[in-house]
Amino acid sequence: MFVQNKSNHSIEAEGIVLNIGTNEVDPQAFEKFLKHPLIAKLDKHGVFVYEKSADKQLTVAEMEALIADTYDLETLEAIKSDDTRKGVQTAVDKQIEALKGE
């Protein structure tokens, strides 16, 4: 799953490190991460953007914002292979081009 860390610093708890921007994490590990008291408070304040349930997908607009905040090429490629919606594909391609300086 993809999680956007909207804070200005990396956050570590329960064996997970969320760097600034979008991160790919194991869903089960992320559930454990969210149970940490400090992390739970940050989550309530909207520091993390993620799909709240497996049956509710982020909108294309939400994914575009998440993609714009992604600076890791591997994560962008993972998003591209995971989400086939045209708007998401275009946003990923645009971000990859920007990162590569094309």
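Student: Which residue stands opposite Phe2 in β4?

Tutor: That is Glu24. Keep in mind as we go that this is a predicted model. The facing pair belongs to β1 and β4, which pair in the antiparallel sense over four bridges.

Student: How many bridges join β1 to β5?

Tutor: Two bridges join them, and these strands also run antiparallel. You can find both pairs yourself: Gln4 has Val49 of β5 as its bridge partner, and Asn5 stands opposite Phe48 in β5.

Student: In what order do the three strands of the open sheet lie?

Tutor: The order is β4-β1-β5, with antiparallel pairing. The strands at the edges are β4 (21-24) and β5 (48-49), and each has a single partner strand, so one side of each is left without a neighbour in the sheet.

Student: How should I read the two faces of a strand?

Tutor: Start with the general idea: in a regular strand, side chains alternate between the two faces of the sheet. Now look at β1, where Phe2 and Gln4 are on one side and Val3 and Asn5 on the other.

Student: Which residues is Ser10 in contact with, leaving aside its neighbours within four places in sequence?

Tutor: They are Asn5, Val17, Leu18, Asn19 and Ile20. With Asn19 there is a polar contact between the two side chains, at 3.1 Å. Sequence and space can be read side by side here too: Ser10 and Gly21 are eleven residues apart in sequence, and their C-alpha atoms are 9.0 Å apart in space.

Student: Now the salt bridges. How many does the structure hold?

Tutor: First the general idea: side chains of opposite charge can pair when their charged atoms come close. This structure holds two salt bridges. One of them links Asp93 with Lys80, and the closest N and O atoms are 2.5 Å apart. Asp93 belongs to helix α5 and Lys80 to helix α4, so the pair ties together parts that are 13 residues apart in sequence. Asp93 is partly exposed at 30% relative accessibility, and Lys80 is partly exposed at 25%.

Student: Which side chain does Asp83 meet in a salt bridge?

Tutor: Asp83 meets Arg85, at 2.6 Å from N to O. Compare their accessibility values: Asp83 is buried at 5%, while Arg85 is partly exposed at 23%. The cut-off to remember is that buried means under 20%.

Student: Is Thr70 buried or exposed?

Tutor: Thr70 is buried, with 0% relative accessibility. Its place is in the loop between α3 (60-68) and α4. The side chain of Thr70 reaches the backbone oxygen of Leu66 at 2.8 Å. Not counting residues up to four places away in sequence, Thr70 touches Thr22, Thr75, Leu76, Ile79, Gln95 and Leu99.

Student: Gln95 is in that list. Where does Gln95 lie?

Tutor: Gln95 lies in helix α5, residues 86-100. At 12% relative accessible area, Gln95 is buried. With the residues up to four places away in sequence left out, Gln95 touches Ile67, Ala68, Thr70, Tyr71 and Leu76.

Student: And on the outside, which residues form a nonpolar patch on the surface?

Tutor: The patch is formed by Tyr71, Leu73 and Leu99, which together have about 280 Å² of accessible area. Take Leu73 as an example: it lies in helix α4 (residues 73-82), and it is partly exposed with a relative accessible area of 37%.

Note on methods. Residues are numbered from 1 along each chain as its sequence is written. This is a predicted model: local features need pLDDT of at least 70, side-chain atom pairs count only at pLDDT 80 or more; totals for chains, interfaces and linings use all residues. Side-chain values use heavy atoms; hydrogens and water are left out. Contact means heavy atoms within 4.5 Å. A polar contact is a pair of N or O atoms within 3.5 Å; within protein, one must be able to donate a hydrogen and the other to accept it, and residues adjacent in sequence count only if both atoms are side-chain atoms. Buried means under 20% relative accessible area, exposed over 50%, partly exposed in between (1.4 Å probe, protein chains only). Two strands pair if DSSP finds at least two bridges between them. Patches are made of residues with over 30% relative accessible area and no salt bridge: like charges are joined within 9 Å, nonpolar side chains (Val, Leu, Ile, Met, Phe, Trp, Tyr) within 5 Å. Accessible areas come from the Shrake-Rupley method with a 1.4 Å probe; for residues, only the protein chains shown count as cover. A salt bridge is a side-chain nitrogen of Lys or Arg within 4 Å of a carboxyl oxygen of Asp or Glu.
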